[in-house]
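Here is a friendly briefing to read alongside the model. Please keep the viewer open as you go through the topics.

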Amino acid sequence: MSSERLMRIQSDEFRAMAERVLRVTELTSRLNVLPFEDEEGKAELFEQILGKPLPSRVTIYPPFYTDHGLRLDLAERVFINQNCTFLDYAGIRIAERVMIGPKVTFITGGHPVDPEERRLYLTGAPIDVAENVWIGAGATILPGVSIGRDAVIAAGAVVADDVPAASLVTGSKATVHRQW
């Protein structure tokens, strides 16, 4: 994944992204009303959403939300619980054996803080989650964050900074409490 992105709102790139968002919103709305046991229907919709087949050992419990889909990279043995959101404009990579609790939100996009620029540009930075990470219910992962292998993100944490490997982070602005 690339580093921080800057996209002008009045641009062809932005218009193409906005069209993709509308298409993926339609696809996820269809996905989220399928009967739970309709594995074939879910697989077909996930392939359209992600632009490739869902890895065979990935488990996703709907409802599931993404705004782009094509920049969401899921490895084998990933578990995603209900009601998670992946705003993947700048890219999200989820490595093997990651477990994601319900209502977790990944946000890769934003706007400049400067009032003159915030209506002109969309900013973004990728999120990278290493192997064997556990993310608790209701956590929010913000743009540009990397989470190290074996880390645990507590329920409700807001992760705005990188998380070292083998650490536990908690709080409304997550801070490292311990490493092992």
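## Salt bridges and sheets in a predicted model

E96 is partly exposed, with a relative accessible area of 29%; here buried means under 20% relative accessible area, exposed over 50%, and partly exposed in between, using a 1.4 Å probe and protein chains only. This is a predicted model, so local features need pLDDT of at least 70 and side-chain atom pairs count only at pLDDT 80 or more, while totals for chains, interfaces and linings use all residues. Residues are numbered from 1 along each chain as its sequence is written, and side-chain values use heavy atoms, with hydrogens and water left out.

**Salt bridges**

- The structure holds nine salt bridges, a salt bridge being a side-chain nitrogen of Lys or Arg within 4 Å of a carboxyl oxygen of Asp or Glu.
- One of them joins the side chains of R77 and E96, at 3.0 Å from N to O.
- R77 sits in the loop between β4 and β5, and E96 in the loop between β7 (92–94) and β8, so this pair ties together parts that are 19 residues apart in sequence.
- R77 is partly exposed, with a relative accessible area of 35%.
- Salt bridges with shared partners join R23, E26 and R30 into one network.
- R23 is partly exposed at 37% relative accessible area, and E26 is partly exposed at 30%.
- Helices (H or I, at least four residues) and strands (E, at least two) are DSSP runs, numbered from the N terminus.

- E39 forms a salt bridge with K42, with the closest N and O atoms 3.3 Å apart.
- Both residues belong to helix α2, three residues apart, or about one turn of the helix.
- E39 and K42, with F46, L54 and V58, lie nearest the centre of the largest pocket, which is lined by 13 residues.
- The largest pocket holds about 220 Å³ of space.
- On a 1 Å grid over the protein atoms alone, where a 1.4 Å probe fits, a pocket is an open set of points with protein on both sides within 12 Å along at least five of seven lines, and lining residues have an atom within 4 Å of a point.
- Grid points are joined across faces, edges and corners, and a volume is the space filled by probe spheres set on the points.
- Two or more lining residues come from each of α2 (39–50) and β2, and α2 gives the most, with five residues.
- By class, the lining has nine nonpolar, one polar and three charged residues; Ala, Val, Leu, Ile, Met, Phe, Trp, Tyr, Cys and Pro count as nonpolar, Asp, Glu, Lys and Arg as charged, and the others, Gly among them, as polar.

**A75 and its surroundings**

- A75 is in the loop between β4 (72–74) and β5 (79–80).
- Apart from neighbours within four places in sequence, A75 is in contact (heavy atoms within 4.5 Å) with P55, V58, I94, A95 and E96.
- From A75 to T28 the C-alpha distance is 20 Å, and the two are 47 residues apart in sequence.

**The seven-strand sheet**

- An open sheet of seven strands runs in the order β2-β5-β8-β13-β16-β18-β19, with mixed pairing; two strands pair if DSSP finds at least two bridges between them.
- β2 (59–60) and β19 (175–179) stand at the edges with a single partner strand each, so one side of each has no neighbour in the sheet.
- β8 (residues 99–100) and β13 (residues 134–135) pair in the parallel sense over two bridges, and M99 stands opposite W134 in β13.
- β16 (residues 152–153) and β18 (residues 167–170) are also parallel, over two bridges, with L168 in β18 as the bridge partner of V152.
- β18 and β19 pair in the antiparallel sense over four bridges, and the bridge partner of S167 is Q179 in β19.

**The five-strand sheet**

- An open sheet of five strands has the order β3-β6-β9-β14-β17, with parallel pairing.
- Its edge strands are β3 (64–66) and β17 (158–159), each pairing on one side only.
- β6 (residues 84–87) and β9 (residues 105–107) pair in the parallel sense over three bridges, and F106 in β9 is the bridge partner of F86.
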